[in-house]
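Visitor: I would like a close look at a single part of this protein. Please take me through it step by step.

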Amino acid sequence: MADAGRGQGRGGGRGAGAGRGAGSGRNAAGRPTGGGRGQGGTPVARRGDESRASGRPRRDDRRPPGDRTQRDRTDRTDRTEAQARYDGPPLDDNVTGKELDRSISQQLRGLPEKLAQRIARHLVSAGLLMDEDPETAYQHTLAARARAARIAVVREACGEAAYAAGHFAEALSELRAAKRMNGSQDYLAVMADCERALGRPDRALALARNPAVTNLPDEQKAEVTIVEAGARRDLGELDAALRTLENAPLRSRTRADWVVRLRYAYADTLLAAGRRDDALEWFHRTEAVDGDQVTDAGRRAAELENGHPG
């Protein structure tokens, strides 16, 4: 049975994004520390009391050579992965960055021209790939973030791509950062859905109760409602989930996608509550306004009519 209580674009259960820290065992100049060499880089050959008195370690007190080799190999791997994230996926020559919406490109104007262009190309590429290859889209946004982590629109794009790719902890972190930078409340539905995905329905409900939700556009309010109802279902509160959806504009005459999604969520919750006849009615009501086939309401209705669980 499909769970209709999820916010839009949610991916499913993918691993967390890569992001290792810098390698250990190096000083500020980037050179390996320790490793069995005396001053000047020459091996310490003496083992007697004079060597001990001079403060030099005896050969058998030092780390095995294999430890240093493994550490250096780890350092190289970390640097290689960090560089790969910075470089990002290959950029299509046909993507110039000029395709970026003007309101977004304006936020990059304070950067050097070539840097701004590179970031813009990664953001455009991410937008083009978001639906068909969200993981690669996410990697593009990571490349943009590596160059401009203090620009809100870059963190927003990174959060949206992480969400689409199923990296919910990373998405939540990025959207929180964007919200701190620009004060926008537009991310509340996605942030709440990330909390659900991370198994924290109580936190999702807290976000859904944010007073700022009242001032959101209808589409975003609908998404918050769907996530709130889903969080209630996660907690086993089916009646509360139904009441949440019933207080939304289910009977709106518009055929906008947000109405389709609200009706579908309501039908699915009715079915979960054991109200098959009511669920069938609302799957049909959903199908009636779902001209773009945003949902599979028609199939669910047919299954119920044929005696299947739906």
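Visitor: Is Tyr264 buried or exposed, and what is its relative accessible area?

Guide: Tyr264 is buried, with a relative accessible area of 9%. Keep in mind that this is a predicted model. The protein has 14 helices and zero strands, and 41% of its 310 residues count as buried. Tyr264 belongs to helix 12, which covers residues 257-272.

Now look at the ring of Tyr264. With Phe283, Tyr264 forms an edge-to-face aromatic pair, with 5.6 Å from centre to centre and 65° between the planes. The cut-off for this label is over 60 degrees between planes, which is why the pair counts as edge-to-face. Phe283 lies in helix 13 (residues 276-289), so the pair ties together parts that are 19 residues apart in sequence. Phe283 is buried too, and its relative accessible area is 0%.

Tyr266 is in helix 12 and Trp282 in helix 13, so parts 16 residues apart in sequence are tied together here. Tyr266 and Trp282 are both buried.

Trp282 has a further neighbour to note: Arg285 lies over its face, at 4.7 Å from the ring centre. Another arrangement of this kind involves Arg147, whose charged end sits over the ring of Tyr86, 3.9 Å from the ring's centre.

Notes
Residues numbered from 1 in each chain as written. Predicted model: local features only at pLDDT ≥ 70, side-chain atom pairs only at ≥ 80, totals over all residues. Heavy atoms only, no water. Helix = DSSP H or I, 4+ residues; strand = E, 2+ residues; numbered from the N terminus. Buried < 20%, exposed > 50% of the residue type's maximum accessible area, 1.4 Å probe, protein only. Phe/Tyr/Trp six-rings, centres within 6.5 Å; stacked < 30°, edge-to-face > 60°. Lys NZ or Arg CZ within 6 Å of the ring centre and 35° of its normal.
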